[in-house]
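Subject: Structure handover

Hi,

Here is the structure for your set. My notes follow below it.

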Amino acid sequence: MDAGSEIGQGLAVLVAPGQVFEVRSWTGDRISSGYFDDLTAAEKAIEALDAAGPDGIYLTPNPVLPDLLSRRANRIKGPLAKKDSSTSDGDIIGRRWLLVDIDPARPAGVSSSEEEHAATLTRAADIAAALGERGWPAPVAGDSGNGAHLLYRLDLPNDDQVTALIKAALVALDALFSDPVASVDTAVFNASRIWKVYGTVARKGDNTATRPHRRSRLLSVPETIEIVTREQLAALAIADPAGPAPVTPATSTSRGTGRRPGEPLDLAGWLRDHGLGVLDSRPYQGGDLYRLDSCPFSSTHTDGAFAIQFGSGAVYAGCHHASCGGGSQRWPELREMYEGTRQGTGTCKPASSKSSRSASPVTPAQPAPSEEILREAEQILMHGDPLAYMVRTYNLDHIGDQVLGRCLALSLASRLVSNSHGLHIMTTGESGKGKSDGYRAMLAQVPQRFRMAGSFSDKSLYYMDDLQPQTVLMIDDKDLSDGLQEILKEATSSFTTPIEHRTLTTERKPLVCTIPERCLWWVAKKEGSGDDQVLNRMLMVWVDESEEQDRAVLAGILAKEAIDSDQPAGERHEVAVCRAMWEQLHAALPTGLAEVNLSRFSRRIRFSSARNRRNPIILFDLIRSAALLNFYQRERRTFDGGAVRVYATEADFKTAAGIFTSLNGRTGSQDDKLTARESQMLDVINRAGLTEFTVMKLQALTKLSNYQISRLFVGYFSRGAKYSGLLEKCPAVGAIEQTISSRNDDGEGTIRRRVVAFTFDRELYASWIRGGLVWLAPIDEADPSPDNDPPDGLQQLQQYCSSTAAGAATPAEPAPAVKIGSTSISQSVHEEIIGIAADLDNREPPQTATVPDPSLSLVVRDLLQPPDRNPQTASETTNRPRMNPERVAAPAALLLHPCCNLRLLLQSPQRQPPRPG
């Protein structure tokens with residue numbers, strides 16, 4: 001769409017037919033202005049004005065007196081003289097729009113950066129969603145070029161009451177949604193407020209790569225623009241329950257809740273002393289408004305809760321979600337929740353005392369398991385595969401996502417390992433794709449006393465007297481507040497010790513409250529946490545969002561509903577067995593914990609990348625957890641005092657390595673911290689062979705919106721947290737500026753505009769994406785000489801694949817070819833072997849040798865068939881792929897890779913060539 005048509009479309013939305021409106025622009029201190037009732041004439045005048053490069057072009061969205069058309073009828077005059085008039089509040093005949101302007105925090109006099117710009121668009125979406133929950137209609141959404149706009153249709157007179165109502169509504173939105181990153185402009189309440197003309201360029205400061213000039217535009221327009229009522233506006237504005245606030249704002253007393261009878265309550269102190277975390281506070285109608293970091297009224301969301309103390313001393317508390325009262329007064333309920341049932345409870349102790357928490361569990365809430373269940377649990381622990389049984393049980397209630405199931409089971413085992421740093425899980429993926437469902441399926445296997453049900457604020461954890469060590473804390477698709485992220489960082493870095501919080505009692509005496517040691521954190525989020533330190537301390541797992549998984553889940557649901565059992569519905573037998581296994585492992589450890597030792601093979605562990613120093617720790621903890629689950633099947637040593645040491649085996653390493661490599665490929669991004677969508681985007685770019693591209697090009701390839709793609713690459717801000725994009729995460733992605741030329745609609749002349757394009761280095765990407773491979777070196781390489789540092793990265797893996805191939809010979813330098821057995825293959829093919837090993841490790845092995853695997857990578861396809869063969873016709877000529885003679889020997893080296901699962905694929909008699917792409 002060209003600039004002219006964008007201008008015309010914007011005018012048609014904002015201005016009613018026949019409405020008189022003013023157009024005004026600035027260039028430095030020079031003002032140009034005109035009045036219009038002809039939209040076609042206005043469009044042409046604005047287009048010409050924009051071509052002259054003013055700072056900005058605006059209009060009056062509310063209708064002005066028709067007589068004002070005679071000032072400058074359907075024309076632009078500029079610059080205006082001092083005697084020339086413009087529109088005032090008294091010239092407006094009615095209120096047609098509620099204007100919500102979201103501005104980014106940035107230095108004065110400059111355009112917004114990409115990150116600042118994206119933050120306002122995200123905030124606008126949050127506001128529209130919250131108001132939609134209250135029954136408000138969908139707004140017109142716009143991009144001002146530097147910030148975001150929401151426009152709600154009104155049909156109200158222009159009088160003092162309506163002006164006060166609109167001002168109060170904007171102040172409420174500012175109080176509930178503004179933060180240091182993006183804020184709602186409360187100054188746009190007046191009737192003659194001017195508004196950006198969509199389709200024109202916002203030129204604030206100089207046009208630079210980091211702070212570019214952008215064209216304003218409409219983002220979305222409802223099919224039918226519905227009207228917001230006066231009652232809806234009034235409900236949004238929160239008034240002082242005690243009446244009008246005094247002129248002078250009340251000052252804080254800083255007395256907490258230790259007040260005398262009749263003394264005014266200090267809300268800030270009350271929130272602090274009752275463990276209610278505060279995101280931020282700001283002045284509000286002569287008092288103070290506090291945004292809470294978690295909603296105390298509902299477990300279905302965390303955002304939206306607030307508490308206000310007005311200048312009169314009156315308190316108002318509520319939540320803006322419609323399901324949570326829609327902003328109605330809930331202060332009496334909140335006070336009863338905390339003062340009526342929780343005052344004086346918790347795990348707090350005088351500052352002089354030490355923590356007295358015991359790791360000894362209390363009596364479980366579930367009934368005692370039957371003898372049959374206990375015997376079966378013991379049999380599995382002694383002679384079976386506990387991890388496999390737990391994952392199979394998990395899959396009875398959650399289809400697929402087996403890597404997530406393994407991670408969750410090993411996470412639970414890490415609680416019992418004395419030298420573990422704890423395995424905490426963060427699962428990312430689109431809403432409704434099974435993140436929380438997978439957590440609940442595994443959580444059902446955990447004894448009741450180690451589960452944390454419901455929602456919680458960050459500070460409330462310190463006050464829970466029933467919170468046990470080794471409890472699993474599940475955060476279900478909610479935003480992590482700053483306070484909770486700080487607790488997460490401390491909990492994941494100090495897993496083995498309690499977390500202390502120091503405060504004061506109502507008598508002003510020091511008090512130390514604690515969150516117990518060895519608690520696990522399972523976080524389910526649509527995207528990452530926004531904090532790299534939190535991401536680095538957690539296992540990053542993706543859920544399967546494919547269409548095949550959607551169909552499998554539907555089939556599973558239908559099959560479950562079709563069951564007509566002879567027994568009443570109840571808990572699965574397998575779930576009870578898993579719970580009994582955990583109880584038996586607890587009982588087998590006199591001190592409640594076991595040390596796991598890796599000395600049998602630790603010197604032979606090799607990594608293809610060392611760029612993330614926490615990843616080796618995570619791998620070692622995976623190995624330790626795998627060994628702990630096989631406690632009864634491993635060599636053990638008992639010390640005086642009851643301490644137990646368990647010796648991990650190479651089988652435990654193999655289990656952990658399979659999970660670790662999966663987390664760096666198809667089912668997670670442990671090394672790179674990518675979300676599933678980011679990884680899919682890079683895969684699309686790589687497969688398409690792109691080295692330079694625009695957002696529009698990616699829109700055609702992915703069918704994602706411009707907004708979604710921009711967020712993926714440049715990141716965004718949400719509620720004060722910065723979410724990095726691919727430009728920061730992936731070194732293979734870069735950004736450049738391009739000039740794009742297009743012809744005018746009339747075919748005469750061209751329009752040139754600057755756009756941001758992206759670059760992609762495929763060679764760098766190929767090296768970067770293989771960073772998560774791990775293996776055991778041969779025994780004779782366990783102790784490399786300190787004088788000769790061992791090679792690292794892909795060089796290690798190349799040497800390993802060559803040296804372990806049957807009959808392999810190491811060629812002299814320079815090496816024209818690599819010899820495997822009696823066959824020589826080119827160096828380029830050998831490098832493909834290295835890539836295929838990394839790619840294959842990231843996939844689940846086929847269930848049988850005859851099931852085709854459509855996810856086989858393009859590199860494998862190239863190895864299994866000649867490059868010049870058309871893959872679309874391969875299946876028409878034969879059911880067995882012909883093999884490039886030079887590449888016949890290539891799979892032999894792959895078969896020797898410790899985690900490789902190619903053997904079944906090569907032996908499959910019914911193997912079909914995979915579908916292209």
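A polar contact here is a pair of N or O atoms within 3.5 Å; within protein, one must be able to donate a hydrogen and the other to accept it, and residues adjacent in sequence count only if both atoms are side-chain atoms. The model is predicted: local features need pLDDT of at least 70, side-chain atom pairs count only at pLDDT 80 or more, and totals for chains, interfaces and linings use all residues. Residues are numbered from 1 along each chain as its sequence is written, and side-chain values use heavy atoms, with hydrogens and water left out.

Ser-625
Ser-625 sits in helix H16 (residues 614-629). Helices are DSSP runs of H or I, at least four residues, and strands are runs of E, at least two, numbered from the N terminus. Ser-625 is buried, at 0% relative accessible area (buried means under 20%, 1.4 Å probe, protein chains only). Its side chain reaches the backbone nitrogen of Ser-414 at 3.4 Å.

S14 and S15
Strand S14 (residues 305-309) and S15 run antiparallel, joined by five bridges. Two strands pair if DSSP finds at least two bridges between them. Gln-309 has Val-315 in S15 as its bridge partner. Five residues lie between the strands of this hairpin, and Gly-313 takes a positive phi near 95°. Five of the five residues of S15 (residues 315-319) are buried, so S15 is largely enclosed by the rest of the structure. Val-315, Ala-317 and Cys-319 point one way, Tyr-316 and Gly-318 the other.

S24, S27 and S26
These three strands form an open sheet in that order, with mixed pairing. S24 (595-597) and S26 (636-638) are at the edges with a single partner strand each, so one side of each has no neighbour in the sheet.

Best wishes

Conventions:
Buried means under 20% relative accessible area, exposed over 50%, partly exposed in between (1.4 Å probe, protein chains only).
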